[in-house]
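Please keep the model open while you go through the points.

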Amino acid sequence: MDHYETSKVKGSNEHFKVINYRKAITAIRALDYEIKSEEMALKIPRVGKKLAQKIGECISFGRIKKLDHLNWDQEKSKTETLFRSVYGVGSEMATAWYKDGLRTLDDVRALPNLTKNQISGLRFYDDLLLRIPRSEVEQIGKVVEAAAHKLHPEIQSQVTGSYRRGKPDCGDIDIVVARPNIDNGDELFMIMDHILKDLINQGFLVDHLSLPTWEDSYATRPKHFKYMGICKLPGENQIHRHIDILVVPWMHLGAVLIYFTGNDICNRSMRLLASNRGMRLSDKGLFDNVMRGKIRKKVNEGRWVAGRTEREIFDYLKIKYLEPYEREC
Ligand code: TTP
Ligand code: MG
């Protein structure tokens, strides 16, 4: 997967291989037994014939021949994977740094032209690598909810992402905030602004990766606001965590919950299913009567038909409602 990750171009064969490898890795991680043969590997969901063969090779010879033919440069792949593990660093940057002779995070730290996000990513690197136990995600969720309720008790704040799918630990905290019947950007920005100021004053938000900004045109139309930052619970020995807070229109809440609960593969499948039915699913809702031309490129935006609740979207797509814990695709 690392090899394809470094050589992928969006929409290319490599791009889809990365996705397929990821699905297989998730399935293999979930096993509670050891894979002892190619035949056993083949029985695992999402492990196809070719991958099973490679697993078989690993078991028999401890290596994969294809990687030699690919001129797989293990040092390059490992180093680029290390660079990509820094927040704000993508594949292209990682490859460029490797080409420039950089090999360690200290080499990267010495660069003069790092972005603000990369500087934060390096500053909190060790903390951000650590998984967050569910109990801590819950506590962090309560801090944000309390700030939202202080502003108005009616405001809803929900932890989504891997937490909502029931995972025992999470990579970050994904929070969605909405207020019943409030859709316009003006009020939503105000809600975001108040919550952020409160959380900054408390010392809970300690660094910002992306702060929403205000534009006049938001006043009348539904608008999503996304904050990305670093938070820390009060008290000694607390770890810095990556938090995303979304403030979204009430009419889009269901679509946002589907998107932000994920997982990403499940989102991809639902979008493809919608597209196969002449519809389009986004984090704003489900749109019907979408005309598509060549290579499925959409010709019109379609008509918004559902989005307030998740069930509404599943119903309109005529698929059985999936509980969040069932969305591990
Ligand atoms: P993440 O927080 O990146 O993923 P996660 O919460 O599922 O897992 P983790 O424990 O590592 O945090 O994103 C939240 C949701 O946003 C994800 O479940 C699905 C959606 N999403 C996509 O659909 N595509 C993407 O590329 C990303 C980054 C997220
Ligand atoms: Mg997450």
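The points below go from the whole protein to single residues.

1. **Ground rules.** This is a predicted model, in which local features need pLDDT of at least 70, side-chain atom pairs count only at pLDDT 80 or more, and totals for chains, interfaces and linings use all residues. Residues are numbered from 1 along each chain as its sequence is written, chains are lettered from A and ligands numbered from 1 in the order in which they are written, and side-chain values use heavy atoms, with hydrogens and water left out.

2. **Overall build.** The protein has 16 helices and ten strands. Both are DSSP runs, numbered from the N terminus: helices are H or I with at least four residues, strands are E with at least two. The radius of gyration is 22 Å, close to the 20 Å that the globule rule gives for 329 residues, so the protein is as compact as a globular protein of that length. That radius is taken over C-alpha atoms, and the rule is 2.2 Å times the number of residues to the power 0.38. Along the principal axes, the C-alpha atoms fill a box of roughly 60 × 50 × 40 Å.

3. **Inside and surface.** Of the 329 residues, 43% count as buried. Buried means under 20% relative accessible area, exposed means over 50%, and partly exposed is in between (1.4 Å probe, protein chains only). The protein exposes about 18100 Å², and carbon and sulfur atoms supply 52% of that area. The areas come from the Shrake-Rupley method with a 1.4 Å probe; for residues, only the protein chains shown count as cover.

4. **Contacts along the chain.** A contact means heavy atoms within 4.5 Å. Take the contacts with a separation of 6 or more: residues 24 or more positions apart account for 54% of them.

5. **The metal.** Which residues coordinate the magnesium ion (ligand 2)? They are Asp 172 and Asp 174, each through OD, at 1.9 to 2.1 Å. Donors are N, O and S atoms within 2.8 Å of the metal (3.2 Å for Na, K and Ca); water is not among the atoms, so sites may look incomplete. Asp 172 and Asp 174 are both buried.

6. **A cis bond.** The peptide bond from Gly 262 to Asn 263 is cis, with omega near 0°. Asn 263 sits in the loop between α14 (253–261) and α15 (264–276).

7. **Thr 261.** This residue belongs to helix α14. Is Thr 261 buried or exposed? Thr 261 is buried, at 1% relative accessible area. Leaving out residues up to four places away in sequence, its contacts include Thr 160, Gly 161, Glu 310 and Arg 327.

8. **Positive phi.** Arg 46 is not a glycine, yet its phi is near 75°. Arg 46 lies in the loop between α3 (38–42) and α4 (49–61). With a relative accessible area of 47%, Arg 46 is partly exposed. Lys 318 also is not a glycine, and its phi is about 60°. Lys 318 lies in the segment after α16 (310–316). Lys 318 counts as exposed, at 73% relative accessibility.

9. **Glu 312.** Helix α16 holds Glu 312. Glu 312 is partly exposed, at 29% relative accessibility. Apart from neighbours within four places in sequence, Glu 312 is in contact with Ala 306 and Gly 307.
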